[in-house]
Amino acid sequence: MKSLLSAMGVAVVLVAALAATPPAARDEQMKAAKENGAQTYEHLATAIIEIRKTEDGLVKGIVMHNAGAADASLARAARAEGGDKKQALERAADEITNAANEGDKPVQAVRQRLSKAGHTHHTDAETKEDYIWIDGKEKKKLVDLAQRISKMGDNASADDINKARGELREIMSGALKDE
Amino acid sequence: MEDRGWKSPSFAILHSLSAILVFVSFAQGGQPQFTDVAKAAGITTIQWCGGPERNHLLESAGQGCAFVDYDNDGHLDIVLVNGWRLDSDPEKRKVLEKGKLALYRNSGDGKFENVAEKAGVADDSWGNGVCAGDFDNDGQVDLYVTNFGPNRLYRNRGDGTFEDVAKRAGVAHASWSAGSSFFDADKDGDLDLYVACYVEATMDEVLTARRTTVWQDKVKVMAGPFGLRGARDKFYRNNGNGTFTDATKEAGLDDEAEAYGLGVLTSDLDRDGDVDIYVANDSNPNYLWRNNGDGTFTDVGGWSGAGLNADGKAQAGMGVDAADFDGDGHTDIYVTNFARDYDTLYKGAGELYFEDVSLALGLKPITYMPLSWGCSFFDFDNDADQDIVVVSGHIYPQVDQLQDEAYLQRAQLMENRAGKPVEVTDTAGPGLQTKRSMRGLAVGDYDNDGDLDLLITAIDSPPLLVRNDGGNRSQWIQLRLLEKTGRDAIGARVKITAGGKTQHAELRSGSTYASQSMLRLHFGLGDAAKVDKLEITWPDGEIQTRDGVPAGQFLTIRRGDRP
């Protein structure tokens, strides 16, 4: 509301200034103002497009971090024994779930805050299907993988765990491919 | 007051005809029949929830209810949470009436009297839900009421009155609180408290809200929850001296995702001797907080199989309940969801692993169109298995302009047939044919006749008190479990074997949708005239058994009592 009143105030001042100007000069001024407006909007559009690209890049980084953390936990699990193995497997399952959701809980809260402001580039709110990078099918694969990994237990073999790592890498390389 | 059908003369005629049909069906030994007796019982409080057009999400949430024996006279009394009535002013709505919480005392003869003013609980906050539990271990059940605004903790004085001690106890938390539950998180003998919180909003936003979302590309409806900021859930640890400490972060329960929390279930879901927490979140993944054994928790919802549906998608979770539906010894979870989506039955596989079996069991065609809220597993026909009841009602009154959706909806009764839910609502009696925009649900035997009745709340309407007639034709037993202090032993688990069948049950606070079912455990026993073996696992793990317990009784067992 405040910004609207400010804009209206500026417009009133401009119109008053124009009204006080001789007609020929007034025409020149209006033409310049129109061109300036378009140029400024052009710059703003460039900035908005760059910000979207930055968001894409940032989210990709977040997802890569989650997937990387999952992979590291799986590597640890393959080497570990007993309770340590189970803990590492659960940690991997957590990180894979985070990757499936394109971020952990604090990131999800940021997404909701952006949605409140009308920003929907990043969310599955509209399509209920896809995020920026992880689509619905990839999300399902990741969630299923996370569950399977969490169930592996203390006696999981290094072979089985490394197989799961391979599966994770395959899903992620497909998901994070630039289109 | 809007005419929603329940006041019309034609309804009275239909009600009478239905009562005749009930009698005939009952005489013929058919399926138990349900009849709405709220008006006859004197339960007339209208539960308000906003203005007729429902411009803001708050006006869609409705209110919960409770069956609770607050005066310890053996009869279940009724708590009805209430909201505010708003007008339709397009600029800024005005408050026409602040509804008050109602406490209906059961006089034992089928009649109830609203004693809320006398009892000191007639609060006029915009209320949402209620749960029960004796937080101060004095043998008197207390009530926690969640509000849009400060919550209330009504301490039962034991003389028919309550005092609100929420602020003093440290649990007044002013937010939009929804479902809640008392449970002993750290096994120290007193009840802690989890409160789900939904959305951040102010009353000014509610009163000036506009309908800005388009539903089905056709009608303008309220916005949210997407686009609104989620409110964070709270966990309070009981200090044992009448006060609580906000231990949300310390217990690992920080709701960093700011999910839209609604339904709360506290249960030892993996039967490892400590109580876990399940939160049905609207439009976000559900939480499954595993108790680490020391009163701290880890969210395993993401990979447990109970956070998302079978397609890996978050649904709009509202109500939740849990029981061993398929009789395999593992606890299953039922979550109600939005319209044009199915309710989800997560089959338990042990160790907090679940699988969404909704499609495999045929739940989609039954539950896809209704917008569902309160839900409960219960044995309505006492045939020794868990059936399901779900109450529904849309959030957008504007859907009445569409051909295939309706604002007012029926409850649904699903009979358990060998582990498959089969809808039997059509033949379940007139009480389940009523259409309202329903929300809360509590299950209890209010008339003490050995079968389970239903208490259902509805938007801008008096509640339904739906009496079960004929459910007691088969054998049953009800258990009231008390700690040595006289407190209801919330968290106690019971396993019974009768007639060759084994059943499990757990005494819980909260669950369903923002409501509280009776604090007694009911078992249908089929034809078995006795319970061969009854095993109680008290909350601290101590086990007590009894053999050869006769059916057809209300049995109170205080820990340490000898048979």
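Two strands are said to pair if DSSP finds at least two bridges between them, and helices (H or I, at least four residues) and strands (E, at least two) are themselves DSSP runs, numbered from the N terminus. In this sense, strand E33 (residues 475-482) of chain B pairs with E36(B) in the antiparallel direction over five bridges. The structure is a predicted model, in which local features need pLDDT of at least 70 and side-chain atom pairs count only at pLDDT 80 or more, while totals for chains, interfaces and linings use all residues. Residues are numbered from 1 along each chain as its sequence is written, and chains are lettered from A and ligands numbered from 1 in the order in which they are written.

**Chain A**

- Chain A has six helices and zero strands, and its elements run α-α-α-α-α-α from the N terminus on.
- Of its 179 residues, 30% are buried; a residue is buried if 20 or more other C-beta atoms lie within 10 Å of its own, exposed if 12 or fewer, and partly exposed in between, with C-beta atoms placed from the backbone.
- Two residues are in contact if their C-beta atoms, placed from the backbone, lie within 7 Å. Among contacts in chain A between residues at least 6 apart in sequence, 68% join residues at least 24 apart.
- The buried residues of H2(A) are Val59(A), Val63(A), Asn66(A), Ala67(A), Ala70(A), Ser73(A), Leu74(A) and Ala77(A). These residues pack against H3 and helix H6 (158-175) of chain A.

**Chain B as a whole**

- The secondary structure of chain B comes to seven helices and 39 strands.
- Buried residues make up 60% of its 563 residues.
- Among contacts in chain B with a separation of 6 or more, 60% are between residues 24 or more positions apart.
- A compact globule of 563 residues would have a radius of gyration near 24 Å, and the 22 Å of chain B agrees with this. The radius is taken over C-alpha atoms, and the globule rule is 2.2 Å times the number of residues to the power 0.38.
- Along the principal axes, the C-alpha atoms of chain B fill a box of roughly 65 × 60 × 50 Å.

**Strands of chain B**

- Strand E36 (residues 521-526) of chain B is mostly covered, with five of its six residues buried. His522(B) in E36(B) stands opposite Gln478(B).
- Strand E32 (residues 464-469) of chain B is largely enclosed by the rest of the structure, because six of its six residues are buried.
- On one side of E32(B) lie Leu464(B), Val466(B) and Asn468(B), and on the other Leu465(B), Arg467(B) and Asp469(B).
- E32(B) pairs with strand E1 (residues 33-36) of chain B in the antiparallel sense over four bridges, and Thr35(B) has Arg467(B) as its bridge partner.
- Strand E31 (residues 453-458) of chain B is joined to E32(B) by three bridges, again antiparallel; Leu455(B) is the bridge partner of Leu465(B).
- E31(B) and E32(B) form a hairpin with five residues between them, and Asp460(B) in the turn has a positive phi of about 50 degrees.

**The nonpolar core**

- A nonpolar core is a set of buried Ala, Val, Leu, Ile, Met, Phe, Trp, Tyr and Cys residues joined through C-beta atoms within 7 Å.
- The largest nonpolar core holds 195 residues, of which Ile96(A), Ile78(B), Val79(B) and Ile456(B) touch the most other members. Helix H3 (residues 82-100) of chain A gives the most to this core, with seven residues.
- Leaving aside its neighbours within four places in sequence, Ile96(A) is in contact with Ala70(A), Leu142(A), Leu145(A), Ala146(A), Ile149(A) and Leu168(A).

**Loops of chain B**

- Asn382(B) lies in the loop between strand E26 (372-378) and strand E27 (387-392) of chain B. Its phi is near 55 degrees, a positive value in a residue other than glycine, and Asn382(B) counts as buried because it has 26 C-beta neighbours inside 10 Å.
- The peptide bond from Gly224(B) to Pro225(B) is cis, with omega near 0 degrees.
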